[in-house]
Amino acid sequence: MGVVALVPAAGRGERLGYGMPKALVPVDGVPLLARAVRGLLASGRVQHVVIAAPPSDVDTVSTVTAPLAQAGGAVHVVAGGAERSDSVRLALEHALREIPDTSIVLVHDAARAFTPPEVVRAVVDAVAAGHPAVIPVLPVADTVKQVDANGVVVATPDRAVLRVVQTPQGFDARVLLRAHESGLHATDDAGLVERLGVPVVTVPGHQDAMKITTRFDLAVAEALLARPGGGAR
Ligand SMILES: Nc1ccn([C@@H]2O[C@H](COP(=O)(O)OP(=O)(O)OP(=O)(O)O)[C@@H](O)[C@H]2O)c(=O)n1
Ligand SMILES: C[C@](O)(CO)[C@H](O)COP(=O)(O)O
């Protein structure tokens, strides 16, 4: 059973405002992308990683990530697309064309650079157990409001049934391909699969798997590293 992780890393990182693609932004000298790939390979479940790089930075990303293959998996780099979903689709097409026996596919944001390997293992194991789509989630800590176009509250959903969604999201490769060929739109891959009518099951996520989007998040990431044992990734 071949497990391939697709890593969308082609975003510009505008909200971070670092003047370079977010995936290449270093934390304690190590780019976020390298940390994300290390975490995937450290799970012991992933044989191949396909990175969707910013089109103008394919060579840089290849140089940065080539040494990671020594951690026990092959690393491929392709040019990403204009939107995250385009980057995922391009990496998926590469995997299905170039990597024989691709049966389980993970999609993991480079921006979730500190995701613990145990989350990766939980997702892969649930797909391997027969679930076609698996996502890591956390409970919602705040009260959430639905508002109208004027910002006026129209509803207060019961937060007990809400979850915050992380990556890696894991799929039967054929299901993910069908989802990306559907022409549907969603902000995550599980959203596409869900709209095909395929059940999506959840496993526990982890606070460290937060998406680094802003300077505040980067400061949190630096604090994570400063914990005892925090430098592992
Ligand atoms: N065209 C794109 C846009 C995003 N991503 C990736 O999708 C993940 C989630 O995106 P986000 O965190 O929103 O990153 P950016 O698009 O870089 O952020 P911003 O909107 O601030 O520019 C990131 O790993 C990002 O590199 C991608 O591969 N291709
Ligand atoms: C996939 C994701 O990280 C799940 O929370 C999220 O949907 C990505 O959203 P973005 O707007 O592309 O950052």
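Reply: Let us begin with helix H1, which is mostly covered, as 9 of its 11 residues are buried. Please keep in mind that this is a predicted model.

Me: Which residues of H1 are buried?

Reply: They are Leu-32, Leu-33, Ala-34, Arg-35, Ala-36, Val-37, Gly-39, Leu-40 and Leu-41. After H1 comes Gly-44, which has a positive phi, near 75°.

Me: Why does Thr-213 count as buried?

Reply: A residue is called buried when its relative accessible area is under 20%. Thr-213 has a relative accessibility of 11%, and therefore it counts as buried. Thr-213 is located in the loop between strand S12 (201-204) and helix H7 (215-226). Leaving aside residues up to four places away in sequence, Thr-213 touches Arg-15, Leu-16 and Lys-22.

Me: What makes up the largest nonpolar core?

Reply: This core has 28 residues, and those with the most contacts inside it are Val-7, Leu-33, Val-37, Val-46, Val-49, Ile-51 and Leu-106. At least two residues each are supplied by strand S1 (2-8), helix H1 (32-42), strand S4 (48-53), strand S6 (102-107) and helix H4 (117-128). Apart from this core lies another, of 24 residues, including Val-78, Val-88, Leu-92 and Val-137.

Me: Which residues does Leu-33 touch, not counting residues up to four places away in sequence?

Reply: Leu-33 touches Val-7, Ala-9, Ala-23, Ile-51, Val-61, Thr-65 and Ala-110.

Me: What makes the pairing of Asp-109 with ligand 2 a polar contact?

Reply: A polar contact requires a pair of N or O atoms within 3.5 Å. A polar side-chain atom of Asp-109 lies 2.6 Å from an oxygen atom of ligand 2, so the pair falls within that limit. For the side chain of Arg-112, an N or O atom is 2.9 Å from an oxygen atom of the ligand. For the side chain of Lys-211, the corresponding value is 2.7 Å. The protein covers 71% of the 360 Å² of accessible area that ligand 2 has on its own.

Me: Why is the protein chain called as compact as a globular protein of that length?

Reply: The chain contains 7 helices and 12 strands. Its radius of gyration is 17 Å, close to the 17 Å given by the globule rule for 233 residues, so the chain is as compact as a globular protein of that length. Of its 233 residues, 48% count as buried.

Definitions and conventions. Residues are numbered from 1 along each chain as its sequence is written. Chains are lettered from A and ligands numbered from 1 in the order in which they are written. This is a predicted model: local features need pLDDT of at least 70, side-chain atom pairs count only at pLDDT 80 or more; totals for chains, interfaces and linings use all residues. Side-chain values use heavy atoms; hydrogens and water are left out. A nonpolar core is a set of buried Ala, Val, Leu, Ile, Met, Phe, Trp, Tyr and Cys residues joined through side-chain atoms within 4.5 Å. Buried means under 20% relative accessible area, exposed over 50%, partly exposed in between (1.4 Å probe, protein chains only). Helices (H or I, at least four residues) and strands (E, at least two) are DSSP runs, numbered from the N terminus. Contact means heavy atoms within 4.5 Å. A polar contact is a pair of N or O atoms within 3.5 Å; within protein, one must be able to donate a hydrogen and the other to accept it, and residues adjacent in sequence count only if both atoms are side-chain atoms. Accessible areas come from the Shrake-Rupley method with a 1.4 Å probe; for residues, only the protein chains shown count as cover. The radius of gyration is taken over C-alpha atoms; the globule rule is 2.2 Å times the number of residues to the power 0.38.
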